[in-house]
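Hi everyone, thanks for coming.

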Amino acid sequence: QLDVSHESFIRLWQRLQKWLEKESISAETYCRLEQNACLWDNNETGLLRSPELENAVAWFYRDKPTKQWAARYGQHFELAKRFLFESQKEQQREQQEKEAKQQQELEQARQLATSQQQALEQAQQLAASQQQALEQEQKIRASQKQKLVGAVIALIISITLFVWALSARQEAISAQQQTDIAKKQTESERQ
C-alpha cells in the first residue's frame, strides 16, 4: 500500500525529473551557443545559420536565460547574446537582400513581359495592316478583272459587229453588182 505522502513524493519526483531534463537540454543549448560565440569571436567560425539559428532563438525567447543562470554553465553570456543577435541580424539582412533580388528579378520579368506584350501588339497591328493591304489588293484585282472581262466582251461584240458589217457590205456590194448586171442586160436587150 502506498501512503499519500509517497504518492505526493512520486509526483514531485516526476516533476523534478522533467525539470531536470528541461534544464539539461537548456544548459546543453546554451553551452553550444556560448562555444560557437567564442569561436566566432576568434574568427574561427561564422554566424549561426538555419536551422540552428531558429532553434537557438526559439530557446532564448522560450527559456529566457539570465546572466546569473548562464554563469552556472559558462562565462560569456553577453558574447553569446551578441552572437545570437548578430546571427539573427545577418539572417534578416540576407533575407532582405534575397527579397530585394527577387523583387528586382520580378520587376525585370514584368518589364520583359511588358516589352514582349508591346512587341506582340505591334506584330498584331502589322499583321492586321498587311491583311487589310492584301484585301485591298484583292479588291483592286477583282475590279481590274471585271473591267478586263467587260473589255473582252466589248471587243467580242465589236468584232462581231465588224464582221456583220463586212458581211452586210459584201452583200450590198454583191446586190449592187447584180443590179448593175441586171441593168446592163436590160439595156442591152433594149438595144
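Let's begin with a term: a nonpolar core is a set of buried Ala, Val, Leu, Ile, Met, Phe, Trp, Tyr and Cys residues joined through side-chain atoms within 4.5 Å. Keep in mind that what you see is a predicted model.

So, which residues touch the most other members of the largest nonpolar core? They are Tyr30, Leu33, Leu48, Trp59, Phe83 and Leu84, out of 17 residues in that core. Helix 1 (4-41), helix 2 (52-63), helix 3 (67-70) and helix 4 (77-190) each supply at least two residues of it.

Now find tyrosine 30. Leaving aside residues up to four places away in sequence, tyrosine 30 touches Trp59, Trp69, Ala70, Tyr73, Gly74, His76, Phe77 and Ala80.

Tyr30 also belongs to a cluster linked by ring pairs, together with Trp59, Phe60, Tyr61, Trp69, Tyr73, Phe77 and Phe85. The structure holds nine aromatic pairs. One of them joins tryptophan 69 and tyrosine 73, and this pair is tilted, with 5.0 Å from centre to centre and 55° between the planes. Are these two buried or exposed? Tryptophan 69 has 12% relative accessibility, so it counts as buried, while tyrosine 73, at 29%, is partly exposed.

Finally, follow helix 4. Its buried residues are Phe77, Leu79, Ala80, Phe83, Leu84, Ser87 and Gln88.

Note on methods:
Residues are numbered from 1 along each chain as its sequence is written. This is a predicted model: local features need pLDDT of at least 70, side-chain atom pairs count only at pLDDT 80 or more; totals for chains, interfaces and linings use all residues. Side-chain values use heavy atoms; hydrogens and water are left out. Buried means under 20% relative accessible area, exposed over 50%, partly exposed in between (1.4 Å probe, protein chains only). Helices (H or I, at least four residues) and strands (E, at least two) are DSSP runs, numbered from the N terminus. Contact means heavy atoms within 4.5 Å. Rings of Phe, Tyr and Trp (its six-membered ring) pair if their centres lie within 6.5 Å; planes under 30 degrees apart count as stacked, over 60 as edge-to-face and the rest as tilted.
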